[in-house]
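Here are some notes on the model you passed along. They are set out as numbered points, to be read with the structure open.

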Amino acid sequence: MTQRIQVALGQVRPVLGDVGKNVDKHLEWMEEARRRGADVVVFPELGLTGYQVMDLTLEVARPLSHPDITRLVRESRGIDVVFSFVEESEAHLFHIASVYASGGDIRAVHRKVYLPTYGMFDEGRYLAAGSGFHTFQSRLGQTGMLICEDAWHVSSPYLLALGGATCLVLPSASPARNVMEQGDFGSQAFWRQLLQVYAQLFGVYIVFVNRVGFEDGVSFFGGSGVVSPLGEWVYEAPSIEEGLYTAEIDPGVIRRARYGTPMLRDERADLVWRALGRLVDGGWRG
Amino acid sequence: MRPEIERRLRLNTDLAARVLTAFIREEVEKAGFQRVILGLSGGIDSALAAYLAARALGPERVQAVMMPYRTSSPASLEDARRVVDDLGLPALTVPITPAVDAYFEQMDALLGEPAPPLRRGNRMARERMATLFDLSAHFGALVLGTSNKTELLLGYGTQFGDMASALNPIGDLYKYQVRQLAAAVGVPPSILNKAPSADLWEDQTDERELGFGYDEADEVLYQLVDLRLSVEEIAARGYDERFVRLLAGRVRRNQYKRKPPIIAKLSGRTVGVDFRYLRDWGL
């Protein structure tokens, strides 16, 4: 029997621009998650800074070596943690980053590749894009990280799945929009369907952690959860409410799902590679 | 209203009420306040704001203020009292007649002519605003706005008057949606069913003054603003082009009412231009 993994979903409401307060909350919740027996705790996109940092970018940005960051990394003993903030590179590029820390060390850093800059979003004005998707070994198995908008590009989970990921970790700051429809927010309904399809197509678990709270009238819907490779939401946290929630991942499900629906096995990466090569060589707008 | 538009303007009222009560609670508390204050006119917009605020904070933390002028309809005051009684709100009645009449007595003499209704109405709206912001300081309560999306788009309100507030929970709801949500949160039927009126002079109704009905306007505004259709595209769907153009013109002309004052840029970093922070900075 495979070992089940307990995942805590830290559906926090960050304070905009107050990194110290947000670090404290992350530390408290890590302790609480550890007490509840979680193996990993995941926090949302920009949980250490708030989402619409705009001109606060200069003040909230931290290099990986900053004491605020090393403090959290150091505490990743007895529990792994995924947290997100504005990372400043040595060349002074500002990225939306998520860090996976375990055993007191950084295991992986993902820098958001797709920065939404349209409609209500303005990330590209302040921030620099990341350059890739990489998998790494963690308590969650072979793991890949995506941040919010990254998941609205189908190639991101595709690349991670081909790279061997069996679990995708997805910190988000997704606003609630369109309460006109019955049931969920329009934006939430789209996320639900999207992640179900990805999980099932790529035979992966997806850990989705979305923040809550308001920033100048914009609310973030929460609704964090875990989707199994069978395309089922095995756990769903409430929308709007701040809280630490726990869910379970059963690696045995990955095995059965991949045997029963072996889409990934039959994937033709070589064909995609050649076709994309022709498109790019032929002057595709990129 | 055409069924396909009506369907899209239908609110999930439970979810909308949850978001808006969370909005009031969170924005009030993180700004370091415990209470809100709002003017109750007896109309549906301020009634809805009061019901949402009472649900968010508890009625004892919602200060209602009735500010009648001598020509205000007695039925309006009665409806406002109905909200106060139904919710159990602390309430204050502050007639604005002495202040407004004193002002125009002096100003009419200075200008040598009586002020027309528009100026008088604007002055009343600003007298009420000034009263609410004064009481805001007295009660330590944030002023709750009561302008809906239809009014904001059409500019049907007084700049720095009823359009002024600290927080507006209903500004993204069309009038058509205000009615749905008001019914869902328990606003009394006498308020739900009467003709909307700014009540700035006797027998005024919004729809008579505007020259069209709210449902009619909402149907077109939704397509202009939310669906981003052009005037021509909406006309091609069979709507009266002159009416669509009239509304589009109003939306454009009144943009100034929806923005803070513009500032002439001289420096490298200018408030309102490239000094970019949310109001919730540090909250």
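**Notes on the predicted model**

1. Leaving aside residues up to four places away in sequence, B:Leu48 is in contact with B:Ile170, B:Val178, B:Leu181, B:Ala182, B:Val185 and B:Val187. The model is a predicted one, and the points below should be read with that in mind.

2. B:Leu48 is also among the residues with the most contacts inside the largest nonpolar core, which has 149 residues. The others listed with B:Leu48 are A:Val7, A:Ile206, A:Val207, B:Val36, B:Ala50 and B:Ala53. Helix α3 of chain B, residues 44-57, gives the most to this core, with 11 residues.

3. On the contact between the chains: chain A puts in 22 residues and chain B puts in 22 residues. On the side of chain A that touches chain B, strand β10 (residues 212-215) gives the most, with three residues. That side of chain A is made up of 10 nonpolar, seven polar and five charged residues.

4. β10(A) deserves a look of its own. In a regular strand, side chains alternate between the two faces of the sheet. Both faces of β10(A) are covered, with A:Val212 and A:Phe214 buried on one side and A:Gly213 and A:Glu215 buried on the other. Note that the charged residue A:Glu215 is one of these buried residues.

5. What does β10(A) pair with? Its partner is strand β11 of chain A (residues 218-221), in the antiparallel sense and over four bridges. Within this pairing, A:Val212 stands opposite A:Phe221 of β11(A). The two strands form a hairpin with two residues between them, and in the turn A:Asp216 has a positive phi of about 45 degrees.

6. After α6(A) comes A:Gly203, with a positive phi near 60 degrees.

7. Most residues other than glycine have a negative phi. A:Cys148, in the loop between β7 (141-145) and α5 of chain A, has a positive phi of about 40 degrees although it is not a glycine. B:Arg228, in the loop between α11 (214-226) and α12 (231-236) of chain B, has a positive phi near 60 degrees.

8. Are these two residues buried or exposed? A:Cys148 counts as buried because it has 28 C-beta neighbours inside 10 Å, where 20 or more are needed. B:Arg228 has 8 such neighbours inside 10 Å and therefore counts as exposed, the limit being 12 or fewer.

9. A:Gln3 lies in the segment before β1 (5-11) of chain A. With 10 C-beta neighbours inside 10 Å, A:Gln3 counts as exposed. A:Gln3 and A:Asp250 are 247 residues apart in sequence, yet their C-alpha atoms are 7.1 Å apart in space.

Methods:
Residues are numbered from 1 along each chain as its sequence is written. Chains are lettered from A and ligands numbered from 1 in the order in which they are written. This is a predicted model: local features need pLDDT of at least 70, side-chain atom pairs count only at pLDDT 80 or more; totals for chains, interfaces and linings use all residues. Two residues are in contact if their C-beta atoms, placed from the backbone, lie within 7 Å. Two strands pair if DSSP finds at least two bridges between them. A nonpolar core is a set of buried Ala, Val, Leu, Ile, Met, Phe, Trp, Tyr and Cys residues joined through C-beta atoms within 7 Å.
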